[in-house]
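Welcome! Take a moment to look over the sequence and the 3D view below, and then we can walk through a few places together.

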Amino acid sequence: MITDFHSHILPSFDDGAADTDTAIKMLTLSKRMGVSRIVSTSHCYPCSSADVDKFIENRERSYDKLINEIEISGADVPEIRLGCEVHLTCDITRFRGIERLCVDGTDYMLVEMPRSKWTDNTIDNVYKLSISGIHPIIAHAERNIKQDGELLNSLYMLDILVQINAGSFGISALKKFIDGMMKNKMIHLIGTDMHNLTSRSPVMNNAEKYIKKRFGTECWEYLMRNADIILGGDELSYRDLTSFSKKLFFRK
């Protein structure tokens, strides 16, 4: 089963699908690429318990609208699991009901790190989340490569998982970074981070081809299996994380 672990498909909710028609087209295209399951991870910017409540309420409204239109249209779309992409700019463990921001049926939360310069408090916010019983998944970790090296190391020493965007595989400037992360067991999930049908469309099939060619089919199956474990309600053991090196091709 192919799982897209990061998407913005809910209509008229965040900066993702502009309307229901666009959302259904995004989902249909994903299905044609072989995606069986999509985690909907709309942006969430919690600064209070009230923000959490409001986000959940608005998300349910948008989701219900989408499901209703899918049923009316008869469109063939992947299974949808609700989650969110939490922008982590403070200690959200102070807020009531933050567990509701986890991917539905799991203890895992997709977390977007600040684009501004990190401080020790930035890492502390992730640490506090990780010891609260919630497992952080760092969204599109490739966007963080320009942050302070010591702080990046501190982040990766925590019990976290890492998600990489499908569109980042094959980009020349990111090859060295991704190769190193794969070799050091530090890439665990893939998501398209799709927002629309043009500039940020679903490209899971491109990532699948690239990963199988550069790291082998076993690597692709491992990434999909990780998603199966998490969405099945189980915990992904850090003892079971696997290292993958790029395949070498020798010419005579």
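Predicted model: local features only at pLDDT ≥ 70, side-chain atom pairs only at ≥ 80, totals over all residues.

## Helix α2 and what it packs against

How far does α2 reach from its first C-alpha to its last? Its 25 residues, 49-73, span 37 Å, close to the 36 Å expected at 1.5 Å a residue.

Strand β2 holds Arg-37, which is buried at a relative accessible area of 8%. Setting aside neighbours within four places in sequence, Arg-37 touches Met-1, Ile-2, Thr-3 and Asp-4, then Pro-78, Glu-79 and Arg-81, and also Ala-227, Asp-228 and Leu-231.

Helix α1 contains Thr-22. Thr-22 is buried too, because its relative accessible area of 17% falls under the 20% cut-off. With neighbours within four places in sequence left aside, Thr-22 is in contact with Ala-17 and Leu-197.

## How α3 and α4 meet

Now find helix α3 (residues 120-130) and helix α4 (residues 149-156), whose axes come within 10 Å of each other and cross at roughly 5 degrees. Because of that angle, α3 counts as roughly parallel to α4. On the α3 side, the contact is made by Asp-120, Ile-123 and Val-126, while α4 brings Leu-151, Ser-154 and Leu-155. What kinds of residues make up this contact of α3 with α4? They divide into four nonpolar, one polar and one charged.

## Two loop residues with positive phi

Next, have a look at two loops. His-140 sits in the loop between β5 (135-138) and α4. Phi of His-140 is near 30 degrees, a positive value in a residue other than glycine. Is His-140 buried or exposed? With a relative accessible area of 3%, His-140 is buried.

Lys-185 belongs to the loop between α5 (172-183) and β7 (189-191). Although Lys-185 is not a glycine, its phi is positive, at about 60 degrees. Lys-185 counts as partly exposed, with 40% relative accessibility.

## Cysteines without a disulfide

How many disulfides does the structure hold? The count is zero. Cys-44 is in no disulfide, and the nearest cysteine sulfur, that of Cys-84, is 4.8 Å away. Cys-44 is buried, with a relative accessible area of 2%.

Cys-47 is exposed, with a relative accessible area of 53%.

Methods
Residues numbered from 1 in each chain as written. Heavy atoms only, no water. Axes fitted to C-alpha atoms, helices over the stretch in contact; angles between N-to-C directions. Helix = DSSP H or I, 4+ residues; strand = E, 2+ residues; numbered from the N terminus. Parallel < 35°, antiparallel > 145°, perpendicular 65-115°, else oblique. Contact = heavy atoms within 4.5 Å. Nonpolar A, V, L, I, M, F, W, Y, C, P; charged D, E, K, R; others polar. Buried < 20%, exposed > 50% of the residue type's maximum accessible area, 1.4 Å probe, protein only. Disulfide = S-S within 2.5 Å. Expected span 1.5 Å × (residues − 1).
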